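Reader: I'd like a close look at one part of this model, please. Pick a spot and take me through its surroundings, strand by strand if need be.

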Amino acid sequence: MLTISQLAPDRNLALELVRATEAAAIAAGPWVGAGDKLSADGAAVNAMRSLLSSVHFDGQVIIGEGEKDQAPMLFNGEKVGTGQGAACDVAVDPIDGTRLTAMGLENALSVLAVADAGTMLDASSVFYMEKLVTGPEAAEFVDLRLPVKENLRLIAKATGRDIRQLTVSVLNRERHQGLVTEIHEAGARTRALIDGDVAAAIAAVREGTGIDALMGIGGSPEGVITACAIKALGGVIQGRMFPTSEEERERGIAAGLDMEKIYATNDLVSGDNCYFSATGITTGDLLQGLRLDRHTIHTQSLAMRSATGTVRVIDAEHSLTKWN
């Protein structure tokens, strides 16, 4: 008879997931700055799928990527892993920031998250989510339903600073013009993002990044992935579904999503045994990007496990000849 410990993913899984994000990042490397985001994404997807096939777990993709723009994808419902071992929910984004990769801009990552089976929210029926992310000190005080200025005041008070010292990451989109104005009128500064709100959200809860919060509307799948990281780091993500049409709204309701609910971290991922891995493709707030010399590919990754609160920064060297 299997014990509970045999049914749950174990600590060795964290490093196995790093191998998968490293492979995806390295595969995307030749496409950095090449102007072809679909080829970059396709290479990363194939590499991640290949590595995941060797991981000892029974995984099912709950949060896939690619549905929005018909890119190459690890699709929702796809089975990954050897099919043996613990049953797990899997969230993948072989490249968070395909446009960043294609343009050679900062903050592109390869990302992968795993949790106990049945614990990840399937938010794929509504692509966008309004988000508020901040670190552990202010986590219990902020509320997405409050005015922007009030949340900034609460973050400043919790961290012992003036609002003028706060920096908020916001995706650079027309829909956020009003939000940016509110942040500036409150006295805080903004950090405009071209893409890549997973990196920015994690930077908002990780010390030493210079980012104090993330606000605005971004991908709901990325929100679930971010929640897995926050489980290990502390802090909070709050999200509210943001359908862009009545058809999408109805589809979300049919899938069991509540359009008015504020989804907290534990609503997005209810389990306490989460794993998160990210490898830098281009250098950004969170990680160093790929670096190439004559014989070696250098990568930097984060590996996190929520059950222990362990966060590892892993610098690795890969033989260019053997990788090829």
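Author: Contact here means heavy atoms within 4.5 Å. With that cut-off, let's start at His298, which touches Gly289, Leu290, Arg291, Asp293, Ala316 and Glu317, leaving aside residues up to four places away in sequence. Bear in mind that this is a predicted model, where local features need pLDDT of at least 70, side-chain atom pairs count only at pLDDT 80 or more, and totals for chains, interfaces and linings use all residues. Numbering runs from 1 along each chain as its sequence is written, and side-chain values use heavy atoms, with hydrogens and water left out.

So where does His298 sit? It belongs to strand β12, which spans residues 296–305 (a strand is a DSSP run of E, at least two residues, numbered from the N terminus). His298 is buried, since its relative accessible area is 17% (buried is under 20%, exposed over 50%, partly exposed in between, with a 1.4 Å probe on protein chains only). Asp293, one of the residues touched by His298, also makes a polar contact with it: the two side chains are joined at 3.0 Å (N or O atoms within 3.5 Å, one able to donate a hydrogen and the other to accept it; residues adjacent in sequence count only through side-chain atoms on both sides).

Now for another stretch of the chain, strand β3, covering residues 87–96. Nine of its ten residues are buried, so the rest of the structure largely encloses β3. Who are its partners? Strand β1, residues 58–63, pairs with β3 in the parallel sense over five bridges (pairing takes at least two DSSP bridges). If you want to find that pairing on screen, look for Gln60, whose bridge partner in β3 is Asp89.

Strand β4, residues 109–116, also pairs with β3, this time in the antiparallel sense and over seven bridges.

Asp116 is partly exposed, because its relative accessible area comes out at 22%. Compare that with β3, where nine of the ten residues are buried. Asp116 and Cys88 are 28 residues apart along the chain, yet their C-alpha atoms are separated by 4.7 Å.

How values were computed. Helix = DSSP H or I, 4+ residues; strand = E, 2+ residues; numbered from the N terminus.
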